[in-house]
Amino acid sequence: MEIDKYFANRCTVRNYTDENVEPELLMQLLEEAAHAPNTGNMQLYSVIVSRTPEEKAALAPQHFNQPCATGCSVLLTFCIDINRFRRWCEASNAKEGFGNTQMLLAAAIDTSLFAQQFNTLAELHGLGCCYLGTTAYNAPAIAELLECPSGVVPLISLAVGYPKGESKRSDRLPIGAIVHEGKYNDYDYARIKAVYAEKEGLDESAAFIAENGKETLAQVYADVRYPKATNELFSKNLDKFLDETFMQK
């Protein structure tokens, strides 16, 4: 596969065949993914593999019952993990100080890099992946289901399997919309309308607007898909969970 062609045309896969991802292949890909960059070579992450129908079904409600959560071969939950490092320090006469915002961000970055490197490797090996953004929404409940100890925070889930049928490449903003030369160049009204013109002009965008009874695509995102009240509810639950399981008292 031509590497540039892969990145230019990659797409999220939500439908899978019944073929299982072999444990040996999965472990190979995870081992290779673990060579992703990370903070201080501490690897402040873990991944929990849910393979059986029962395991995936138990997690599905926390992912809003998205079909790919149970239709995949394996559901991977990538977690921020300072528990392992703490255990090492305890066994080595060292006192760690990781339960704070700085290390939360470091571990979140490490976990994201690990998950993304796995995603790329899996797709290059013919697998399909779907990122589930619901993990951070329902991290407390997922942590309980997966019996995560203090210091372990579910962050990212990937549904993984062999693709069934064709998947459509998602639209993206033009690269000029996100690249800033030398300094951040803010968006005036004319530029911001130009940046989103192509996205707003898609047939599927028009359908989203009509289905939700809105006037603009931005209203669909702000009022329906990610409304303030819902964001604040999930934030409240996550803040409480982080205070209890991650932040040092």
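Is N65 buried or exposed? With a relative accessible area of 52%, N65 is exposed, where exposed stands for over 50% relative accessible area, buried for under 20% and partly exposed for what lies in between (1.4 Å probe, protein chains only).

## Basis of the model

This is a predicted model, in which local features need pLDDT of at least 70 and side-chain atom pairs count only at pLDDT 80 or more, while totals for chains, interfaces and linings use all residues. Residues are numbered from 1 along each chain as its sequence is written, and side-chain values use heavy atoms, with hydrogens and water left out.

N65 is placed in the loop between helix 3 and helix 4, helices being DSSP runs of H or I with at least four residues and strands DSSP runs of E with at least two, numbered from the N terminus. Although N65 is not a glycine, it has a positive phi of about 55°. F64, located in the loop between helix 3 (53-59) and helix 4 (67-71), likewise has a positive phi of about 55° without being a glycine; its relative accessible area is 47%, so F64 is partly exposed. Most residues other than glycine have a negative phi.

Four strands form an open sheet in the order 1-2-4-3, with antiparallel pairing, two strands being paired if DSSP finds at least two bridges between them. Because strand 1 (45-50) and strand 3 (128-132) stand at the edges with a single partner strand each, one side of each is left without a neighbour in the sheet. On average, and with direction ignored, neighbouring strands of this sheet are turned by 25° against each other, the axes being lines fitted to C-alpha atoms.

Strand 2 (residues 74-81) pairs with strand 4 (residues 152-161) in the antiparallel sense over eight bridges, and D81 stands opposite V152 in strand 4. Strand 3 and strand 4 also pair in the antiparallel sense, over five bridges, with V160 in strand 4 as the bridge partner of C129. Four of the five residues of strand 3 are buried, so this strand is largely enclosed by the rest of the structure.

## Aromatic pairs

The structure holds 11 aromatic pairs, counted for rings of Phe, Tyr and Trp (its six-membered ring) whose centres lie within 6.5 Å, with planes under 30 degrees apart taken as stacked, over 60 as edge-to-face and the rest as tilted. The rings of Y45 and F114 are stacked, because their centres are 4.3 Å apart and their planes stand at 20°. This pair links distant parts of the chain, Y45 in strand 1 and F114 in helix 6, which are 69 residues apart, and both Y45 and F114 are buried.

F78 and F118 form a tilted aromatic pair, at 6.2 Å centre to centre and with 50° between the planes. Since F78 lies in strand 2 and F118 in helix 6, the pair ties together parts that are 40 residues apart in sequence. F78 is buried with a relative accessible area of 0%, and F118 is buried with a relative accessible area of 0%. Y45, F78, F114 and F118 form one aromatic cluster.

## Helix 12

In helix 12, F234, F241, L242 and T245 are buried. Seen down the helix axis, the buried residues fall within an arc of 100°, so they line one face of helix 12, the arc being that of the directions from the axis to the C-beta atoms. On the other side of helix 12, K228, A229, K236, K240 and E244 are exposed.

Terms used. Axes fitted to C-alpha atoms, helices over the stretch in contact; angles between N-to-C directions.
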